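User: Walk me through this structure. I would like to know how to read its features.

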Amino acid sequence: MTVLDRFYKKDRSALSRIISFIENREDGYLELLSRIYNISSNSYKIGITGPPGSGKSTLVDKIAIRYLEKGFSVGIIAVDPTSPFTGGALLGDRIRMQDLASRGEVFIRSMATRGSGGGLSEATREVAIALESYGFDIILIETVGVGQVELDVAGLCDSTVVALVPESGDSVQTLKAGLMEIANIFVVNKADREGSGRLVSELRLMLESRGQKQKEGWILPVIKTEAINGVGIDTLTDKIIDHRKHVENLYTQSGYREKRVKSELITILDRKIRARVLKELLEDNSVDSYVKQIVNGESDPYSITEKLMRKITI
Amino acid sequence: MEQKFRILLAKPGLDGHDRGIKVIAAALRDAGFEVIYTGLRQTPEQIVEAAIQEDVDAVGMSILSGAHMTLFPAVMKLLKEKGAEDILLFGGGIISEQDAKKLQEAGCGRIFGPGAPTQTVIEYLKDTLPGRRKRESIL
């Protein structure tokens, strides 16, 4: 019996091995993905993002518990950063998920970014496909602690929750592009701290003044939570359920699913092609000779790029 | 891509002293490992379930409470029951040489005592882990 056979029989250790196989990009992983990919999967993907220390893991923990109480199965992917210097990573999101970790219906997988800069790892999308195929009703995806431009999660998930804390910044921060634009739901966590009321009203003001109070017919809510005490979690979960209805409605409209599938396909192709072309162009370590030319003042990065670009023919 | 080894670090039982395990976690991270730290007061069941979900190559436990002769065998037994005995179990803490020897004879990996240099732990894992997990055909 192969690991995939055991996976279809709902063997959790097989799911785990399959995730590693995908994450490590082992030979045959694309074939595996094509076998388990299911366009009409019923899993619903919820992304939780926000700056470091905004309580994402604790929010994931509490949201997951609410879904379990409603009878759903839950799979979680928690991403933490890989060191660009050593390649190592410390994955600590499970610490905040103690209540969950011992429950049989939950599967938690920690992932390191392994060089990807978008707040997720490159394989997160594909690992989510494995969780979908395994049959989890709800998939929660927690990003690394983000700044302003790590926005991959929004392209992957059906609902994106942006968690902020009272210390997240003033009204100018709420006006900036990026993170503030990907939320379907805003959460002001640690709401017992000073300044939470001010942040909530600044967010609401920003949404109104930008005419962004509504996005595709969805009114962006701002919810106060104290995740650690369980305060506001019911309201948040209800809002996620409302948003799900909204998204499912969008899916029935022509063009919405196509738009998402198009961006998915282009993302996958882009990564593959980039890796392949770079490998071809820089084979036999010619990169070192280019570096030498630049350092010796014989050439510059732009001439070399132009020269190499001319080699690409399709 | 060079192979990434994943290590689960856990503190089982009731002792709340996590300074040592955090030093090990940081050292392993700096040596290029992916370290999953699960925090304090873990039961053997939680540790083994996490090890399986995270598909780790090794589990490291730190025990300063004196309960090591119960906790190490409990985790080893559960790993075996789940068919995951190819995951290396190693550890450290206030553990006498006699006890460490007994645990290693029973199938446990190295047990490091106080003052063990982090480099020794890193080298031990780099020597022991390659090729250790059983390979099954996926497709």
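Analyst: Start with pairing: two strands pair if DSSP finds at least two bridges between them. Helices (H or I, at least four residues) and strands (E, at least two) are DSSP runs, numbered from the N terminus. Here, A:Ala89 stands opposite B:Glu34, which lies in strand 2 of chain B. This is a predicted model, in which local features need pLDDT of at least 70, side-chain atom pairs count only at pLDDT 80 or more, and totals for chains, interfaces and linings use all residues. Residues are numbered from 1 along each chain as its sequence is written, while chains are lettered from A and ligands numbered from 1 in the order in which they are written.

User: In what sense do strand 3 of chain A and strand 2 of chain B pair, and over how many bridges?

Analyst: Strands of a sheet pair through backbone hydrogen bonds, either parallel or antiparallel. Strand 3 of chain A and strand 2 (residues 34–37) of chain B pair in the parallel sense, over 3 bridges.

User: What is the order of the open sheet of 6 strands?

Analyst: The order is 3(A)-2(B)-1(B)-3(B)-4(B)-5(B), with parallel pairing. Strand 3 of chain A and strand 5 (111–112) of chain B are the edge strands, each pairing on one side only. B:Gly91 has B:Ile111 of strand 5 of chain B as its bridge partner.

User: How many residues of chain A are in contact with chain B?

Analyst: Two residues are in contact if their C-beta atoms, placed from the backbone, lie within 7 Å. By that rule, 33 residues of chain A contact 29 residues of chain B. On the chain A side, at least two residues each come from helix 1 (3–8), helix 2, helix 3, strand 3 (89–91), helix 5 (98–101) and strand 4 (106–112). Helix 2 of chain A gives the most, with 8 residues.

User: How does the side of chain A that touches chain B divide into nonpolar, polar and charged residues?

Analyst: Ala, Val, Leu, Ile, Met, Phe, Trp, Tyr, Cys and Pro count as nonpolar, Asp, Glu, Lys and Arg as charged, and the others, Gly among them, as polar. The side of chain A that touches chain B has 14 nonpolar, 13 polar and 6 charged residues.

User: Now the sheet within chain A. Which strands are at the edges?

Analyst: The open sheet has 7 strands in the order 4-2-5-1-6-7-10, with parallel pairing. Its edge strands are strand 4 and strand 10 (222–224) of chain A. For angles, axes are lines fitted to C-alpha atoms, for helices over the stretch in contact, and angles run from 0 to 180 degrees between N-to-C directions. The twist averages 20 degrees from one strand to the next. Within this sheet, 5 bridges join strand 2 (residues 74–80) of chain A to strand 5 (residues 138–142) of chain A, and the two run parallel. A:Ile76 stands opposite A:Leu140 of that strand 5. Helix 10 of chain A packs on the sheet, touching strand 6 (159–164), strand 7 and strand 10 of chain A. The direction of helix 10 makes about 170 degrees with that of strand 10 of chain A.

User: At what angle do the axes of helix 2 and helix 6 of chain A cross?

Analyst: Angles under 35 degrees count as roughly parallel, over 145 as roughly antiparallel, 65 to 115 as roughly perpendicular and the rest as oblique. The axes of helix 2 and helix 6 (residues 124–134) of chain A come within 9 Å and cross at roughly 155 degrees. That makes the two roughly antiparallel. The contact residues include A:Leu15, A:Ile18 and A:Ile19 of helix 2 and A:Val127 and A:Ala130 of helix 6. The contact divides into 7 nonpolar, no polar and 2 charged residues.

User: And how do helix 4 and helix 11 of chain A cross?

Analyst: The axes of helix 4 (residues 56–69) and helix 11 (residues 233–252) of chain A come within 10 Å and cross at roughly 70 degrees. The two helices are therefore roughly perpendicular. A:Lys62, A:Ile63 and A:Arg66 of helix 4 meet A:Ile233, A:Leu236 and A:Thr237 of helix 11.

User: Last, backbone angles. What is phi of A:Arg25?

Analyst: Most residues other than glycine have a negative phi. A:Arg25 has a positive phi, near 55 degrees. A:Arg25 lies in the loop between helix 2 (12–23) and helix 3 (29–36) of chain A. A:Lys190 also has phi near 55 degrees, in the loop between strand 7 (185–188) and helix 10 (196–209) of chain A.

User: Is A:Lys190 buried or exposed?

Analyst: A residue is buried if 20 or more other C-beta atoms lie within 10 Å of its own, exposed if 12 or fewer, and partly exposed in between; C-beta atoms are placed from the backbone. A:Lys190 is buried because 23 other C-beta atoms lie within 10 Å. A:Arg25 has 15 C-beta neighbours inside 10 Å, so A:Arg25 counts as partly exposed.
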